[in-house]
Amino acid sequence: MKAITAAIKGVSGYVPDYVLTNAELETMVDTNDEWIVSRTGIKERRILKGEGKGTSDLATPCVIDLLKKTKLKPEDIDLLIVATVTGDHVFPATATIVCDKVGIKNALSFDINAACSGFLFALGTASQFIETGKYKNVIVVGADKMSAITNYEDRATCIIFGDGAGAVLLQPDTEGYGVKDSIMRSDGVGRNFLYQTAGGSVKPPTLETVKNREHYAYQDGKTVFKYAVTKMADVAAEIMEDNDLSSDDVAWLVPHQANLRIIDATGRRMGIDPNKVMINIEKYGNTTSGTIPLCLWEWEKKLKKGDNIILAAFGGGFTWGSVYIKWAYDS
Ligand code: UT7
């Protein structure tokens, strides 16, 4: 019997309409367009406006669009995973809320919290469900409403994050297409450098925690940068080596979009042509779990059956990893 791999058979993305530009941020904190662009590569990001709207409102349109594109019905889906750090609620899982909004009943669904590596971890996990032969139609969503945990008085973080979501459909393949390999790693040392102080069980919300602005993402940018720039580049190079891929063999690098300088360093370490690196950080900033599927969505029409694609991510935890995919279809 031929081995089953998990092939991506469709991609979708969703970003909200509101555009938060560097010019608008200049009116909110002491920053400027030149600093933001030269230090991060970001020009603008999208923000989900509207009371009562959460991450499921980014994820749901993605899933609806994906079902339409792939001509599947909600009842065909047997597993849906949402990667997010900004779930609608502490519980229940946002995946269950998305299923309810889309009409997916009785499927296995759960969230994965691995910060900026969330989509990559969810994809690596989902592919193993497919490989068992038991799961046939699996949706992996990466979605974050980062504006919900961003302190718009902190210039070190508010210029970075944006809201957005992307999703892929995985189906079994026996021709050798799909997820060929994955490396997923973590190191809890990162909990000291990128975190949200309050709102969890250690420090439940109080008037004090709200007053002290402890419900926002805090980042020691310099330290995170140092780890990110080496770990993301190393793990991408490692997966190439493990799979005997030269830089010429790689059609695309799909990096997590945290900082253009980290993306460039990863591309250089892999020795790949900058034209083969997907970059849209200038439009969306860092959407955490959303960055990688949003790239795949925007580049989908350029992808060809058989393309070797390397995904790479680094994020809070710390978490990091790489996935090697042989693309399964021509758009
Ligand atoms: O996605 C998950 C993982 N996250 C990452 O991978 C992000 C990693 N870190 C980074 O991308 C970068 O560290 C940042 C973009 C967050 C910051 O860039 P940096 O080059 O590391 O800046 P810095 O924090 O070292 O700050 C340099 C200077 C400081 O001023 P002094 O102390 O040198 O006078 C900051 O106060 O820039 C100042 N600064 C700003 N200036 C204008 C910090 N933020 C701003 C700002 N506008 N928004």
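Five strands form an open sheet in the order 1-7-6-4-5, with mixed pairing. Strands are DSSP runs of E with at least two residues, and helices are runs of H or I with at least four residues, both numbered from the N terminus. Two strands pair if DSSP finds at least two bridges between them. Strand 1 (5-14) and strand 5 (108-112) are the edge strands; each has a single partner strand, so one side of each lacks a neighbour in the sheet. On average, neighbouring strands are turned by 20° against each other, direction ignored. Axes are lines fitted to C-alpha atoms, for helices over the stretch in contact, and angles run from 0 to 180 degrees between N-to-C directions.

This is a predicted model: local features need pLDDT of at least 70, side-chain atom pairs count only at pLDDT 80 or more, and totals for chains, interfaces and linings use all residues. Residues are numbered from 1 along each chain as its sequence is written, and side-chain values use heavy atoms, without hydrogens and water.

Strand 4 (residues 79-83) runs parallel to strand 5, joined by five bridges. Leucine 79 has leucine 108 of strand 5 as its bridge partner. Helix 11 (residues 291-299) lies across strand 1, strand 6 (138-145) and strand 7 (163-173), at about 85° to strand 1. Contact here means heavy atoms within 4.5 Å.

Now the cysteines. A disulfide is a pair of cysteine sulfur atoms within 2.5 Å. The count is zero disulfides.

| Cysteine | Nearest cysteine sulfur |
|---|---|
| Cysteine 62 | cysteine 295, 14 Å |
| Cysteine 99 | cysteine 62, 14 Å |

Cysteine 62 is buried, at 0% relative accessible area. Cysteine 99 is also buried, at 5%. Buried means under 20% relative accessible area, exposed over 50%, partly exposed in between (1.4 Å probe, protein chains only).
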